[in-house]
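Student: Could you take a close look at the inside of this one for me, and then a few backbone spots? Please spell out the cut-offs as you go.

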Amino acid sequence: MTNNAVETHKLSHAFSKREYVLRNIHIQVPVGAIYGFLGPNGAGKTTTLRLITGLLKKQAGEISIFGMPFDKNRETLLRKLGVLIESPSVYGHLTAVENLALLQKVHQCPETRIPEVLHWVGLANTGRKKVSQFSLGMKQRLGIAIALLHSPSLLILDEPTNGLDPNGIIEMRALLAALNKEQGITIIISSHLLAEIEKTATHAGIIHQGEMMFQGTMDELKSKQKEAIHIVLDTNDLPGTMAVIHNNDITCTTTEGKVIIPAVSRQTIAAITQQLVGKGIAVYEVSPVKNDLEAIFISLINH
């Protein structure tokens with residue numbers, strides 16, 4: 001019996017012969033985890049989740065959920081999934097309770113689940129208010145209530161904090177933690193916001209341009225901090241600064257008009273600074289970037 005709620009093997013997808021959006025994606029989401037699926041917009045997160053949930057037809061690779069191949073056990077596995085990808089499908093002319101009542105009949109779950117899930121997502125007091133009058137954040141909460149209605153074992157949420165104000169984000173974080181800890185629901189959350197995932201997830205997968213750059217526990221991700229330190233140089237001559245750095249056999253990149261170099265010794269920094277000044281280049285800033293998770297994330301996707 002596998003200990004993973006979700007596994008993919010060599011999952012690939014292309015929207016055209018020249019446009020591969022996923023290449024050999026290997027994902028392992030342990031049972032009981034909150035898995036943060038991270039990457040910049042357009043990295044392939046939503047495509048991956050749509051494949052895992054059967055919303056997109058698989059082209060290449062394997063997908064299994066709770067140890068069962070998705071292809072051969074689609075109907076059984078879909079009953080175990082609660083999914084919110086992109087905008088929730090709701091009837092605007094109905095209330096939150098009326099929307100859930102329709103789905104309660106489809107899922108054949110107890111009617112008591114309706115007030116229960118509405119309470120969890122903070123929509124218990126919406127009364128007769130039509131969904132068309134809901135804010136974007138309220139619609140997002142209703143989508144999560146719908147995903148939870150049939151008591152899924154695995155909850156898959158694509159950018160669940162979209163449209164939520166800061167207080168709503170904090171409440172969402174608390175909700176997901178409670179669902180995971182108290183009810184044992186495994187959760188996959190996609191996001192382009194590392195800081196948000198850092199506060200919620202136990203595990204992380206980082207995808208960039210359709211390829212997995214990292215996968216492991218949050219502690220394993222944090223252990224990469226030493227690899228992510230770099231130094232920022234701000235001068236009045238970007239090309240001249242890069243030339244000096246290249247002459248020292250050091251690889252550099254640029255961002256926002258500044259030069260980024262890997263961590264080097266203090267003696268090397270002193271020598272580079274002296275060379276820059278000797279060439280008449282004004283040095284405004286030489287500063288190490290703290291080795292926080294944001295730096296690791298940037299380092300991984302720019303590798």
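Tutor: Let's begin with the sulfurs: the structure holds 0 disulfides, a disulfide being a pair of cysteine sulfur atoms within 2.5 Å. Keep in mind that this is a predicted model, where local features need pLDDT of at least 70 and side-chain atom pairs count only at pLDDT 80 or more, while totals for chains, interfaces and linings use all residues. Residues are numbered from 1 along each chain as its sequence is written, and side-chain values use heavy atoms, leaving out hydrogens and water.

Cysteine 109 counts as buried because its relative accessibility is 12%, and cysteine 252 is buried too, at 11%. The scale runs like this: buried is under 20% relative accessible area, exposed is over 50%, and partly exposed sits in between, with a 1.4 Å probe and protein chains only.

On a 1 Å grid over the protein atoms alone, a cavity is a set of points where a 1.4 Å probe fits but cannot get out, and lining residues have an atom within 4 Å of a point. Points are joined across faces, edges and corners, and the volume is the space filled by probe spheres set on them. For the largest cavity that comes to about 80 Å³. Its lining includes Pro160, Thr161, Met172, Arg173, Glu196 and Thr200. The elements giving two or more residues to that lining are α6 (166–183), β8 (186–191) and α7 (194–198); helices (H or I, at least four residues) and strands (E, at least two) are DSSP runs, numbered from the N terminus. Helix α6 gives the most, with 4 residues. By class, the lining has 6 nonpolar, 4 polar and 2 charged residues, where Ala, Val, Leu, Ile, Met, Phe, Trp, Tyr, Cys and Pro count as nonpolar, Asp, Glu, Lys and Arg as charged, and the others, Gly among them, as polar.

On to the backbone. Most residues other than glycine have a negative phi. Lysine 10, in strand β1 (residues 4–16), has a positive phi near 50°, and its 46% relative accessibility makes it partly exposed. Glutamine 108 also has a positive phi, near 55°. That glutamine 108 is in the loop between α3 (96–107) and α4 (113–120), and at 72% relative accessibility glutamine 108 counts as exposed.

Technical notes
On a 1 Å grid over the protein atoms alone, a cavity is a set of points where a 1.4 Å probe fits but cannot get out, and a pocket is an open set with protein on both sides within 12 Å along at least five of seven lines; lining residues have an atom within 4 Å of a point.
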